[in-house]
Amino acid sequence: MKRAVFPGSFHPITRGHLNILERSVPLFDEIILGIGVNSAKTSMFTLEQRMEWLSEVARAFPTVRVVSFEGLTADFCRSVEAGWLIRGVR
């Protein structure tokens, strides 16, 4: 199974995030939108709000699920057995 993680803080989710997600869906069997939580930072939006927004977006894509995580992205990828990482270029 080709599983990828698309990590980010997603506060808020943007059209750029959505564009990357739309282009990535055909490439993988499953995509995990990983909302990174950093307790040392103050977020503009709560984790619950971000989870809700991303869950709404993910409904359009049956192979996408939304998960929050703390710690290193690499550790999270290993824990969900993802072999790919999706990132945009700024």
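Mentor: Welcome! In what follows, buried means under 20% relative accessible area, and exposed means over 50%. Please keep in mind that this is a predicted model.

Trainee: Thanks! Is Phe10 buried or exposed?
Mentor: Let's start with where Phe10 sits, in the loop between β1 and α1. Its phi is positive, about 50 degrees, although Phe10 is not a glycine. The relative accessible area of Phe10 is 3%, and the cut-off for burial is under 20%. Phe10 is therefore buried.

Trainee: Which residues does a cis peptide bond join?
Mentor: Look in the loop between β1 and α1, where Pro12 has its place. The omega angle of the cis bond is about -5 degrees. The two residues it joins are His11 and Pro12.

Trainee: Glu81 has a positive phi too; is Glu81 buried or exposed?
Mentor: Glu81 is found in the loop between α3 (73–79) and β4. Its phi is about 55 degrees, although Glu81 is not a glycine. With a relative accessible area of 64%, and exposed meaning over 50%, Glu81 is therefore exposed.

Trainee: Which element supplies the largest share of the largest nonpolar core?
Mentor: This core has 16 residues, and those touching the most other members are Phe6, Leu21, Ile31, Leu33, Val64 and Ile86. At least two of its residues come from each of β1, α1 (15–24), β2, α2 (47–58) and β3. The largest share is three residues, and they come from β2.

Trainee: Which residues does Leu21 touch, leaving out those up to four places away in sequence?
Mentor: Leu21 is one of the members of the largest nonpolar core that touch the most others. With sequence neighbours up to four places away set aside, the residues Leu21 touches are Phe6, Ile31, Leu33, Val57, Phe61 and Val64.

Trainee: Which residues does Glu30 contact beyond its neighbours within four places in sequence?
Mentor: Glu30 has its place in strand β2. It is buried, at a relative accessible area of 13%. Beyond those neighbours, its contacts are Met1, Lys2, Arg3, Ala4, Thr63 and Arg65.

Trainee: And which residues does Ser24 touch, not counting those up to four places away in sequence?
Mentor: Ser24 lies in helix α1. Its relative accessible area is 8%, so Ser24 is buried. The residues it touches are Ile31 and Ile86.

Trainee: How many polar residues are in the lining of the second largest pocket?
Mentor: That pocket holds about 260 Å³ of space. Its lining has 16 residues, and the closest to its centre are Ser9, Gly36, Val37, Asn38 and Lys41. At least two lining residues come from each of β1 (3–8), β2 (30–37) and β3 (64–70). By class, the lining has three nonpolar and three charged residues, and its polar residues number 10.

Trainee: How far apart in space are Ala40 and Pro26?
Mentor: Ala40 has its place in the loop between β2 and α2, and it counts as exposed at 72% relative accessibility. In sequence, Ala40 and Pro26 are 14 residues apart. In space, C-alpha to C-alpha, the distance is 35 Å.

Trainee: In which strand is confidence highest?
Mentor: The chain averages a pLDDT of 93, and 99% of the residues score at least 70. Confidence is lowest in α2, at a mean of 93. It is highest, at 98, in strand β4.

Technical notes. Residues are numbered from 1 along each chain as its sequence is written. This is a predicted model: local features need pLDDT of at least 70, side-chain atom pairs count only at pLDDT 80 or more; totals for chains, interfaces and linings use all residues. Side-chain values use heavy atoms; hydrogens and water are left out. On a 1 Å grid over the protein atoms alone, a cavity is a set of points where a 1.4 Å probe fits but cannot get out, and a pocket is an open set with protein on both sides within 12 Å along at least five of seven lines; lining residues have an atom within 4 Å of a point. Grid points are joined across faces, edges and corners, and a volume is the space filled by probe spheres set on the points. Helices (H or I, at least four residues) and strands (E, at least two) are DSSP runs, numbered from the N terminus. Ala, Val, Leu, Ile, Met, Phe, Trp, Tyr, Cys and Pro count as nonpolar, Asp, Glu, Lys and Arg as charged, and the others, Gly among them, as polar. A nonpolar core is a set of buried Ala, Val, Leu, Ile, Met, Phe, Trp, Tyr and Cys residues joined through side-chain atoms within 4.5 Å. Buried means under 20% relative accessible area, exposed over 50%, partly exposed in between (1.4 Å probe, protein chains only). Contact means heavy atoms within 4.5 Å. pLDDT is the predictor's confidence in each residue, from 0 to 100.
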